[in-house]
Amino acid sequence: MNNFRVFSLFVYVFLLFLPPIASLTVQAFTGTYGINYGRIADNIPSPDEVVTLLRAAKIKNVRIYDAEHSVLKAFSGTGLELVVGLPNGLLKDMSANADHAMEWVKENVQAFLPETHICGIAVGNEVLGGSDYELWGALLGAVKNICNAVKKLNLDDVVQITTAHSQAVFSNSYPPSSCTFRDNVVQYMKPLLEFFAQVGSPFCLNAYPFFAYMSDPENIDINYALFKSTQGIYDPKTDLHYDNMLDAQIDAAYAALENAGYKKMEVVVTETGWASRGDENESAATVNNARTYNYNLRKRLAKKKGTPLRPKNVVKAYIFAAFNEDLKPGATSERNFGLFKADGTIAYDIGFHGLDSSSAKSLLLYLKFTLVYKMKDW
């Protein structure tokens with residue numbers, strides 16, 4: 001009898017100190033490898049062809065930067081996990097008007113579930129640290145209104161709310177342990193982190209060793225940026241060694257989060273990649289370097305391991321990007337981050353097949369047959 005009482009007391013104390021159910025949240029990322037499907041182009045494959053391409057490559061996790069209905073329809077019944085985007089241009093309206101946020105979620109998310117597996121909404125992209133300061137103030141309100149709409153529609157166990165940050169939110173990231181959030185960002189970042197901690201969302205980071213290397217090629221070993229054999233760097237504060245820059249960038253984000261009081265928050269890489277072509281002053285943007293980075297990145301993610309600072313937090317990353325996008329403004333490199341060319345063929349070989357391959361065509365026939373067969377069962 002005494003043993004039973006002791007056991008009962010243990011169970012009571014265990015349950016008493018369990019985190020609230022709200023922390024057991026939906027995960028928008030299954031596995032470790034995903035891709036960004038940007039469409040700032042007038043010559044890329046149709047959404048249906050993109051679905052075929054991604055399934056042939058066995059890439060399940062996909063992010064888009066809007067909620068284009070033709071894309072959402074194409075992804076219906078495919079099993080692909082999709083994160084849709086609320087563009088920056090809508091943030092002010094969504095922040096100021098909860099009803100508009102509800103309408104947006106109903107029209108662009110609820111209407112397509114469950115056939116289209118929309119598992120996340122990215123509210124804005126690289127807002128904090130950006131040049132539009134009015135958006136800084138609107139971001140949290142938009143996040144809250146979108147999140148509240150999702151909750152009222154009983155979709156909060158299906159759809160995760162996030163926002164992605166560039167490295168512009170950090171004041172310093174070398175060595176990784178010294179990283180903190182910029183002084184002018186902190187007042188906006190901390191309330192956002194507090195809210196995301198409450199709903200169980202991760203910190204989403206757009207991390208580009210390519211840009212870091214390009215900013216200081218004389219002092220950064222390109223092999224370190226490309227996951228190749230290198231001396232790496234040593235962080236004296238943590239006594240940790242880094243053999244690649246991406247791990248260091250991720251751990252810099254973890255250090256900033258810990259400094260801000262959010263040590264337990266997970267970091268997910270929402271963009272990373274390497275340009276295969278650039279302007280004259282972008283000498284590192286070559287096909288060989290892009291192939292090397294993305295091939296080695298794929299191998300690194302396949303290991304399903306963490307970083308030196310967070311060895312138990314398996315690194316997850318969305319590659320930027322699916323296609324070269326010919327209408328993107330800026331440097332030539334901005335239009336040449338794709339794993340695939342505009343016609344669906346591979347930009348370089350890291351183990352994927354393009355739309356012109358026999359395997360991709362065979363898969364398309366298989367998918368059509370499977371869909372017809374399932375429809376007969378329905």
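Predicted model: local features only at pLDDT ≥ 70, side-chain atom pairs only at ≥ 80, totals over all residues.
Residues are numbered from 1 along each chain as its sequence is written, and side-chain values use heavy atoms, with hydrogens and water left out.

**View 1. Asp 66 and Arg 39 form a salt bridge.** The structure holds seven salt bridges (a side-chain nitrogen of Lys or Arg within 4 Å of a carboxyl oxygen of Asp or Glu). Here the closest N and O atoms are 2.7 Å apart. The pair links distant parts of the chain, 27 residues apart. Asp 66 sits in the loop between β2 (61-63) and α3 (69-74). Arg 39 sits in the loop between β1 (33-36) and α2 (47-56). Helices (H or I, at least four residues) and strands (E, at least two) are DSSP runs, numbered from the N terminus. Asp 66 is partly exposed, at 24% relative accessible area. Arg 39 is partly exposed too, at 25%. Buried means under 20% relative accessible area, exposed over 50%, and partly exposed in between (1.4 Å probe, protein chains only).

**View 2. Arg 310 pairs with Glu 258 in a salt bridge.** The closest N and O atoms are 3.4 Å apart. Arg 310 lies in the loop between α11 (287-302) and β12 (317-319), and Glu 258 in helix α10 (residues 245-260), so the bridge ties together parts 52 residues apart in sequence. Arg 310 is buried, at 12%. Glu 258 is partly exposed, at 36%.

**View 3. Lys 328 meets Glu 334 in a salt bridge.** The N to O distance is 3.6 Å. Lys 328 is buried, at 15%. Glu 334 is partly exposed, at 25%.
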